[in-house]
Amino acid sequence: MSQTISAPTHIPVLLNETMEALAVQPGGRYIDCTLGSGGHAAAILEQSSPGGQLLGIDADPEAIKVAKDRLETYSGSTLLINENFVNLRAICIKYNFFPVHGILFDLGLSSLQLNGNGRGFSFQHNAPLDMRLSPSQEVTAADIINTFSESELAQLIKTYGEEDYSRQIARHIIREHPIRTTLHLARVIEQVVGDRRGKIHPATRTFQALRIAVNQELEHLETALKQAINLLGFAGRLVVISYHSLEDRIVKQLMQQESKDCICPPSTPVCVCGHTARLRLINKKVITPSSAEVQLNPRSRSAKLRAAEYITTPEEYYQAAGKLCFAMDIKAGGWRKPALLKKLRVTSSSLQVN
Ligand SMILES: C[S@@+](CC[C@H](N)C(=O)[O-])C[C@H]1O[C@@H](n2cnc3c(N)ncnc32)[C@H](O)[C@@H]1O
């Protein structure tokens, strides 16, 4: 028995829509790249039984503990890994967990992380300015706040927070140095922005900017999404729920690009890119929560769900997978390309889903 952790209160966002977009089927193999409290994972395991398998990943060791408890009844069908999803490809190769029927990213933070557990993500609870998803990361929000120059801070707050008052906030931060706690930082921002934001707390954008920078969220998302596409089996589904426009832009652009046969600039008279579509968009328009869901779970209000299906044929998949393994230089783990391909043929034959 694993140790008992206080009950998670995170409500999975767009749960029905996610399950529909993932098209979860019995016996399927799924990856939840943002396990959190295991809400979506539990639904995936329930719907994919009998025979379903789930690889759950989270950078936060606390999330892994909570999800492990929650998913205990499925322990025989789950593999929970405390890792950053930027390493998705390496994780899947290490555990021989590909190709898969579906991959989910439910980005951002869980209620567990936001509920003032001393991690510094929230401006509503006093805590050290940390904001790291994992204690193994080196740079904290306090490091950025107290070592960046005024112009570097202004640039960061502008770019990642889309904050109009970035220069004024940066100037006040430098004057207040050192700033080591969330409430101290929130107070400094309030002095600059005041309550000019209506319903949004004046510190929201700056906190978002710091969190994105500390965890390299945008770079990691882009890298992981590209890896995810290569791990899908034929007709496998990629589902992403994002919570701010910077994330959503990355998801939208990548899905749109991968669903086109040509990505040459419109001015090019004849196609020279040789690009072929690998995805089919499931929902042309982004899916957002109903007003009922937002009322029940206000944290869902900014959620945007996008989904796509992998359309590359199994033959093309084998070729891509072979390249993938060569690119990873898989020798240490004992993998050899022919053995891997043989294994892939066996496993992917069960992926001929409709
Ligand atoms: C919104 S929560 C997921 C909630 C989950 N779907 C549920 O129903 O309980 C997002 C989770 O993703 C994790 N996360 C965010 N970025 C990550 C990354 N780059 N690598 C791994 N986990 C990440 C966070 O630690 C957090 O636990």
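The structure is a predicted model, in which local features need pLDDT of at least 70 and side-chain atom pairs count only at pLDDT 80 or more, while totals for chains, interfaces and linings use all residues. Residues are numbered from 1 along each chain as its sequence is written, and side-chain values use heavy atoms, with hydrogens and water left out.

A polar side-chain atom of H40 lies 2.8 Å from a nitrogen atom of the ligand. Polar backbone atoms of G38 and of G39 are each 3.2 Å from an oxygen atom of the ligand. Taken alone, the ligand exposes 610 Å², of which the protein buries 97%; accessible areas come from the Shrake-Rupley method with a 1.4 Å probe, and for residues only the protein chains shown count as cover.

H40 belongs to helix α2 (residues 39-48); helices are DSSP runs of H or I with at least four residues, strands are runs of E with at least two, and both are numbered from the N terminus. With a relative accessible area of 4%, H40 is buried, a term for values under 20%, whereas exposed denotes over 50% and partly exposed the range in between (1.4 Å probe, protein chains only). Beyond its neighbours within four places in sequence, H40 is in contact (heavy atoms within 4.5 Å) with P12, V13, L15, T18, D32, L104, D106 and I241.

Helix α7 (residues 150-161) has 12 residues and reaches 16 Å from its first C-alpha to its last, close to the expected 16 Å, which is 1.5 Å times one less than the number of residues. L153, A154, L156, I157, Y160 and G161 are buried in α7. These residues lie on the same side of α7 because they cover an arc of only 165° around the axis, taken from the directions from the helix axis to the C-beta atoms. S151 and Q155, on the other side of α7, are exposed. The buried residues of α7 pack against α6 (141-147), α8 (166-176), α10 (204-214), α11 (217-231) and α12 (245-258).

The protein chain as a whole has 15 helices and seven strands, and buried residues make up 51% of its 354 residues. Among contacts between residues at least 6 apart in sequence, 70% join residues at least 24 apart.

Notes. Polar contact = N/O pair within 3.5 Å; in protein donor to acceptor, adjacent residues only side chain to side chain.
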